[in-house]
Amino acid sequence: MSVDSRSELHRRALDAALAQARKSLREGGIPIGSALIDPSGVVVALGHNLRVQTGDPTAHAETVCVRNAGRRRDWHTLTLASTLSPCAMCSGTAVLHRIPRVVIGEHETFVGREDWLRAEGTEVVLMNDPECVALMREFIARCPALWDEDIGVPE
């Protein structure tokens, strides 16, 4: 696969994740989205942070996306995209399922466990996407207590 086609694949995955982040925000949730795509660029699953909407503290975007993918045998061929650097739980989900590549929209507002992903041999692709950064900066400024709750910061 050429560099250009890989870049297009990464952009397609991140665009799908961004649409999910916007959906979560419209629902009153935390604006983080995720997508799983296959090597040909077909989106196989989507997810967005549902923690606020469902009351489930494990309903982070990446975890919801993987749940929505269902039972599969092709995890090792997929790319997981997230609008935000994945936390320890979501990184662990990618490692557990041997997802070889994680595309990250941004890590300016939060740096998850990219180190763990890399240590496990996962390719980490940081997109430094301005829309991803703006979504999170605006949300954190508007809802700091909710954000702290989502990432486990005590009062």
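Phe110 sits in the loop that joins strand 4 to helix 5; helices (H or I, at least four residues) and strands (E, at least two) are DSSP runs numbered from the N terminus. Phe110 is buried, at a relative accessible area of 19%, where buried means under 20%, exposed over 50% and partly exposed in between, with a 1.4 Å probe and protein chains only. From Phe110 to Ile151 the C-alpha distance is 9.3 Å, although 41 residues separate the two in sequence.

This is a predicted model, in which local features need pLDDT of at least 70 and side-chain atom pairs count only at pLDDT 80 or more, while totals for chains, interfaces and linings use all residues. Residues are numbered from 1 along each chain as its sequence is written, and side-chain values use heavy atoms, with hydrogens and water left out.

- An open sheet of 5 strands has the order 2-1-3-4-5 and mixed pairing; two strands pair if DSSP finds at least two bridges between them.
- Strand 2 (43–48) and strand 5 are the edge strands, each with a single partner strand, so one side of each has no neighbour in the sheet.
- From one strand to the next, the twist averages 15°; axes are lines fitted to C-alpha atoms (for helices over the stretch in contact), and angles run from 0 to 180 degrees between N-to-C directions.
- Strand 1 (residues 33–37) and strand 2 run antiparallel, joined by 5 bridges, and Leu36 has Ala45 as its bridge partner in strand 2.
- These two strands, 1 and 2, form a hairpin with 5 residues between them, and Gly41 in its turn has a positive phi of about 95°.

- Strand 3 (residues 79–82) pairs with strand 4 in the parallel sense over 4 bridges; Thr79 is partnered with Arg101, and Ser82 with Ile104.
- Between strand 3 and strand 4 the chain passes through helix 4 (residues 88–96) in a right-handed β-α-β crossover; right-handed means that, with the strands pointing away from the viewer, the path from the first strand over the helix to the second runs clockwise.
- Strand 5 (residues 123–126) runs parallel to strand 4, with 4 bridges between them, and Arg101 has Glu123 as its bridge partner in strand 5.
- Another right-handed β-α-β unit is made by strand 4, helix 5 (residues 114–119) and strand 5.

**Loop residues with positive phi**

- Arg98, in the loop between helix 4 and strand 4, has a positive phi near 60° without being glycine, and is exposed at 65% relative accessibility.
- Asn128, in the loop between strand 5 and helix 6 (130–142), also has a positive phi, near 50°, and is not glycine; its relative accessible area of 46% makes Asn128 partly exposed.

**The cavity**

- The structure has 1 cavity of 30 Å³ or more; a cavity is a set of points on a 1 Å grid over the protein atoms alone where a 1.4 Å probe fits but cannot get out, and lining residues have an atom within 4 Å of a point.
- The largest cavity holds about 90 Å³, a volume being the space filled by probe spheres set on the points, with grid points joined across faces, edges and corners.
- Its lining has 14 residues, and Ile32, His60, Leu84, Cys87 and Asp150 lie nearest the centre.
- Helix 3 (61–69) and helix 7 (144–150) are the elements that give two or more residues to this lining.

Note on methods:
1 Å grid on protein atoms, 1.4 Å probe; cavity = no way out; pocket = protein on both sides within 12 Å on 5 of 7 lines; lining within 4 Å.
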